[in-house]
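Student: Can you walk me through this one? I'd like to start with the ligand site.

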Amino acid sequence: MVNLQVREIAVIGSGTMGHGIAEVAAISGFSVHLNDLTLDILQRALNNIRWSLDNLHRKGQLKEEPSEVMSRISVTTSLEDAVKNADFIIEAVFEDFNVKSSIFRRISEYAPPHAILASNTSSIPISELASVTNRPDKVIGMHFFNPPVLMKLIEVVRGDRTSDETVNVTVELGRRLGKEPVVVNKDVPGFISNRVFMRLIEAACLMVTGNEATIEAIDSAARFKLGLPMGVFELIDFVGIDVVNSILKAMVNRGFRFSGCGLIDERVKEGKLGLKTGEGFYKYP
Ligand code: CAA
Ligand code: NAD
């Protein structure tokens, strides 16, 4: 039995994931308030959403004109304005516990008492974020995959104190967004998919640093033998090497055993972060 009717959604952070989540919500008919630190960042997010909507429209995959979908998205640099009327809030800022927990603390002050606070975190336990809010029963993980508009899966992560009602509302919302929600009942760092993804990364890194295989050979094997849509290193570039590094750090700090990956550390130091900076394991024109 689901009591809360979600009408307005706020998305906090408009980067790789936030802009895509806002787009998915607007396509599904919700009013969306998108928040980030500066108007320049928000303008870039709107440009990315417009590019994606035009693409879907050209292929007949959008029921409305792109401008109609865009008209449901408003942007603001004020966190309070973004969340004050929202029924459901999805946080998608940097994968850093201090940044996220300060945002959760402030959202829980500004948002209406009925609002659910969800995090798109890839690895930080939901119970840790819930503990800084005034409503731990209404805090949940809603983990989308990149790019949100094309990827079907959502991990719905239950924290220690998340209520059944919050889980049910989130699952129902995921379905209204056209996704396949999977409920993760154990709030372990990395949830399900990232625990598997990190093992693939570990094995691939060890083979390259041990001179057993090249990056290109491993990626070919992943695509053409394992049947993955992208190679392992290609996928790290796509996600963002800095993002993968932060996810790994968050997991390792909470007890996940990982043998390390110098290849990732080197590129983070050089600022070669993958697709978004034009170079990572590969170069992008
Ligand atoms: N919006 C609209 N259209 C898009 C798009 C977007 N965001 N991204 C790509 N497209 C379009 C492309 O423009 C292209 O259009 P045309 O056919 O008109 O050229 C079409 O989709 C196909 O794209 P590509 O030819 O570039 O590539 P593709 O066929 O390989 O599909 C993909 C793209 C769906 C991203 C596919 O490569 C894929 O599934 N990759 C794996 C993605 C994945 O595993 N994501 C999860 C990462 S892990 C994660 O997210 C969790 C975490 O916590 C880190
Ligand atoms: P990103 O670096 O592309 O975007 C983060 C955004 O948050 C930036 O635009 C930044 O300006 C904004 N931000 C930072 N502090 C803020 C604040 N105080 N208030 C408002 N906005 C703020 O990162 P991303 O790749 O979109 O990752 C965001 C979250 O999604 C992380 O938790 C990450 O683990 C998770 N995630 C990422 C992927 C991926 O493939 N990149 C996939 C699934 C989940």
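Predicted model: local features only at pLDDT ≥ 70, side-chain atom pairs only at ≥ 80, totals over all residues.

Student: Which residues come nearest to ligand 2?
Tutor: M17, D36, E95, K100 and S122, out of 24 around ligand 2. Being around it takes a heavy atom within 4 Å.

Student: What does the side chain of S122 do there?
Tutor: One of its N or O atoms sits 2.6 Å from an oxygen atom of ligand 2. In the side chain of N146, an N or O atom is 3.2 Å from a ligand 2 oxygen.

Student: How much of ligand 2 does the protein cover?
Tutor: 90% of the 840 Å² of accessible area that ligand 2 has on its own. That uses the Shrake-Rupley method with a 1.4 Å probe.

Student: Which element gives the largest share of the shell?
Tutor: α5, with 3 residues. Helices here are DSSP runs (H or I, at least four residues), numbered from the N terminus.

Student: New topic. Is S101 buried or exposed?
Tutor: Buried, because its relative accessibility is 6%, and buried means under 20% relative accessible area (1.4 Å probe, protein chains only). S101 lies in helix α5.

Student: What is its side chain up to?
Tutor: A polar atom of the S101 side chain lies 3.3 Å from the backbone oxygen of N98.

Key:
Residues numbered from 1 in each chain as written. Chains lettered and ligands numbered in written order. Heavy atoms only, no water. Polar contact = N/O pair within 3.5 Å; in protein donor to acceptor, adjacent residues only side chain to side chain. Helix = DSSP H or I, 4+ residues; strand = E, 2+ residues; numbered from the N terminus. Buried < 20%, exposed > 50% of the residue type's maximum accessible area, 1.4 Å probe, protein only.
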